[in-house]
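The following exercises are meant to be worked through with the sequence and the model open side by side. Each begins with a task and continues with a solution in steps.

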Amino acid sequence: MSGRERVAKAVERTGDGGSGAAGVGLTLLAAAIAAVLVLPLLWLVVDAAGLGTRAFELAVDPRTIEVLVRSVALVAIVTGASIVIGVPLAVLTVQGEIPFPRFWTVLIALPLAVPSYLGAFAFVSAFGPQGELVGFLEPLGVDALPSVYGFAGAAFVLTLYTYPYVFLTTRASLLSMDGSLVEAARTLNSGRWEAFRRITLPQILPGIAAGALLVALYALADFGTPNIMRVEVFTQFIYARYNAFARDYAALLSLQLLTVTAIILAIESRIGVDESGAYESGGDRGTADLELGAWRYPALLLPIAIALLAIVLPIAIFWMWLNTGGPGYQVGRLSFDWEYGFNSAYVALLAAAVSILVALPIAIGSATTDSRIATLADRAPYVGYATPGIVLAIALLSFSLDVLPQIYKTVPLLIFAYVVRFMPQAIGSIRTSTLQVDRKLVEAARTLGRSRLNAFRSVTLPLILPGVAAGAALVFLTTMKELPATLMLRPLGFETLVTYIWRVEEAGLYGQAAVPALVLVAISGLSMAVMLAQDGR
């Protein structure tokens, strides 16, 4: 029997590399880690239970219902507007005959490189009552502009910085679908819109739903943008109650917000079910089918306008602050210290390192075994990812006060919060890389006498290292931008870039935010580059 045949026999005998005692141990370890990550959220129930019979009265209080309805309305409008903008732009860049499609794809996706609260900061500085644009237009006789504050302003800014989620996921679906199906429908005398409605839309609907889910969760959880735009939403309502020492009330409100999150996830799961086989068709991918004719260049006005508002405007405002000081600039008061940047990088590096260590057994267990426990362990951490940062922070503060007061408002607790929030990014990246590893290579190493650990270290790890690095980079970069969890969980006197920006915004000293704002935009740009690098298209 040849060596190749012996390897094949060994593979047949051992089957999946995750089976056996080691596979069971890995699965149980992953399940235990996932349980530890999700457990603190249950403390919200413990806190809310302290309200007793008052819980129902507070839950249906007119003020609570008013804020809840406003929050849900904001989510619905932002999500709908993001679909209206993101889907046509995805079709334009994939199927439209436009010049330089790669350039426009990157430009349309770039608003993700600006945190929405920085965008709101820039819009208020530009279009507010004492904004830069008002000063620029005064010589022309324009003394005031329509108010940028309020519900409409918050919806506009959030849409401007979240629609790329829908654009990217819809574009991925368009690139995966079989373009020949549309051509076949056209040959059967179906009009352009009819072919899109009957053929294209059902195939890209899961992608649209996935992007809409990300937009909805972001809009629901956002804390900074509504605060800057002066519209009270549920995250602010919770924050105010907690600061008023109504911890049990804040826990009850957090559970209500988690319920809304669960409803959004349930709706997406119903819409996003892909039964059409859109991702398995084998024809030409992303075939250009949109003949724009005379509209070829006018169609580009939309991405140009978005780029000017979402990218050029904030960077120009921050750069102006850097050079001229900006409104409210006062040297010596709340002055910026590079230690804040070091603190941000320090906790972000720790969060990335811990996330990778924790994600490895979960991702590998999910990729190499088919057990329900492994699947549950893989899915459970996404509860933390879907949990608004303000809710997670309150849960961890309550848990630490009651169970482990030694870690209350310490760096370890802050790192734990980051891991709960962002580790699923690492899990997804590592699991995808692990699934692409040829199991026969691992089993071949085992038949040559290597232990399971040595086989992993010499074969699997080098192959999944790019995925590990990408996951670590995403956790690091998103941690740097996290506002509510950092604001509430940081140790006393521990300032980061985002908490410093928050302080100067509240004090009206916009000019002081120039350096940290530009640094965060650059960091977000790196995050965007990592995302785009994972898809060669």
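**Exercise 1. Helix packing**

Determine how the axes of helix 13 and helix 14 are arranged relative to each other, and which residues make up their contact.

Solution. The model is a predicted one, and the first step is to locate the two elements: helix 13 covers residues 234–243 and helix 14 covers residues 247–271. Their axes come within 8 Å, and the crossing angle is roughly 160 degrees. Angles over 145 degrees count as roughly antiparallel, and helix 13 and helix 14 are therefore described as roughly antiparallel to each other. As to handedness, the crossing in which helix 13 passes helix 14 is left-handed.

The next step is to list the residues that meet. Helix 13 contributes F234, T235, F237, I238, R241 and Y242, while helix 14 contributes R247, Y249, A250, L253, S254, Q256 and L257. Sorted by class, this contact of helix 13 with helix 14 comprises eight nonpolar, three polar and two charged residues.

**Exercise 2. Salt bridges**

Find how many salt bridges the whole structure holds, and examine the partners R70 and E66, D402 and R247, and R421 and E482.

Solution. A search of the whole structure returns seven salt bridges, and the pairs below can be taken one at a time.

- In the pair R70 and E66, the side chains meet with an N to O distance of 2.8 Å. Both residues belong to helix 5 (residues 62–95), and because they are four residues apart there, about one helical turn separates them. E66 is partly exposed, its relative accessible area being 43%.
- In the pair D402 and R247, the closest N and O atoms are 2.4 Å apart.
- In the pair R421 and E482, the side chains meet at 3.7 Å, N to O. R421 lies in helix 20 (residues 411–435), whereas E482 lies in the loop between helix 22 (452–481) and helix 23 (484–489), so the pair ties together parts that are 61 residues apart in sequence. Both R421 and E482 are buried.

**Exercise 3. The surroundings of T162**

Identify the helix that holds T162, decide whether T162 is buried or exposed, and name its contacts.

Solution. T162 is found in helix 9, which covers residues 151–176. The relative accessible area of T162 is 0%, and because buried means under 20%, T162 is buried. Leaving aside neighbours within four places in sequence, the contacts of T162 are V78, S82, V215 and Y218.

Definitions and conventions:
Residues numbered from 1 in each chain as written. Predicted model: local features only at pLDDT ≥ 70, side-chain atom pairs only at ≥ 80, totals over all residues. Heavy atoms only, no water. Axes fitted to C-alpha atoms, helices over the stretch in contact; angles between N-to-C directions. Parallel < 35°, antiparallel > 145°, perpendicular 65-115°, else oblique. Left-handed = near helix turned anticlockwise from the far one by under 90°. Contact = heavy atoms within 4.5 Å. Nonpolar A, V, L, I, M, F, W, Y, C, P; charged D, E, K, R; others polar. Salt bridge = Lys/Arg side-chain N within 4 Å of Asp/Glu carboxyl O. Buried < 20%, exposed > 50% of the residue type's maximum accessible area, 1.4 Å probe, protein only.
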